[in-house]
Amino acid sequence: MKAIIISGLPAVGKTTVARGIASKFNLKQYSGGDVLKEMAVAKGYTMSGNDWWDTEQGIKFLSQRKSNPNFDKQVDEQLLELAAKGGAVITSYTLPWLAKDAIKFWLKGSGESRARRMSNRDNIEYEQALQIISMRDEENKKLYMKLYNISFGDDLSVFDYVLNTDQLSVDGVVDIANTIVKHLIL
């Protein structure tokens with residue numbers, strides 16, 4: 001089976017959907033964010049909390065990544081190798097534009113709904129989550145334009161499926177994604 005790649009802006013539900021697909025179809029699950037976290041630990045950063053990227057340490061590492069594209073390029077090389085093998089669900093911001101033969105999902109959601117998810121998930125105030133979402137969206141768009149000339153969040157032409165998560169429950173999004181995958185593998 002081809003690799004399944006899930007992408008989307010921060011706090012849209014990528015990990016949850018990937019976990020649901022991996023569980024349903026007994027696939028391995030990989031995350032570009034987890035590979036980057038391993039690199040951050042190797043550089044002396046400490047991990048804490050469920051969504052480390054939204055912490056002070058995670059934001060500091062994002063700044064370091066902006067000045068050194070090798071972090072992201074190393075992650076993308078590892079993920080491309082995993083995608084080529086197939087039989088996996090991978091969450092990644094950039095892999096959909098880099099991988100040639102995979103099933104690609106974009107999860108779409110408004111800043112407000114993503115901030116609500118982040119607020120609930122990370123137990124932070126909605127306004128703080130909205131600020132984090134806005135900052136991360138802007139930084140990611142700049143970073144991936146600089147690294148790969150990708151219009152992250154705007155150019156969805158590489159995706160096979162785009163799911164708007166704003167008016168669906170988490171289970172609803174996972175069910176739709178699983179239904180699509182089921183029909184692709186039968």
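A quick word on terms: a residue counts as buried when its relative accessible area is under 20%, and as exposed when that figure is over 50%. Keep in mind, too, that this is a predicted model.

Start at helix α4, residues 70-85. With 16 residues at 1.5 Å a residue, α4 should span 22 Å, and its end C-alpha atoms sit 23 Å apart, which agrees.

Now look at which way its side chains face. Phe 71, Asp 72, Val 75, Asp 76, Leu 79, Leu 82 and Ala 83 are the buried residues of α4. They cover an arc of only 125° around the axis, which puts them on the same side of the helix. The spacing makes sense, because an α-helix has 3.6 residues a turn, so residues three or four places apart point the same way. Turn to the face pointing away from that buried side and you'll find the exposed residues Glu 77, Glu 81, Ala 84 and Lys 85. After α4 comes Gly 86, with a positive phi near 75°.

So what does the buried side belong to? The largest nonpolar core has 20 residues, and Val 75 and Leu 79 are among those with the most contacts inside it, along with Leu 36, Trp 52, Phe 61, Ile 90 and Leu 95. Two or more residues each come from β1 (3-8), α2 (32-42), α4 and β3 (88-91). The largest share, five residues, is from α4.

Zoom in on Leu 79: leaving aside residues up to four places away in sequence, Leu 79 touches Tyr 30, Gly 32, Ile 90, Thr 91, Ser 92 and Leu 95. Apart from this core lies another, of 19 residues, including Ala 22, Leu 107, Leu 163 and Val 174.

Notes: Residues numbered from 1 in each chain as written. Predicted model: local features only at pLDDT ≥ 70, side-chain atom pairs only at ≥ 80, totals over all residues. Heavy atoms only, no water. Helix = DSSP H or I, 4+ residues; strand = E, 2+ residues; numbered from the N terminus. Expected span 1.5 Å × (residues − 1). Buried < 20%, exposed > 50% of the residue type's maximum accessible area, 1.4 Å probe, protein only. Arc of directions from axis to C-beta. Core = buried A, V, L, I, M, F, W, Y, C linked by side-chain atoms within 4.5 Å. Contact = heavy atoms within 4.5 Å.
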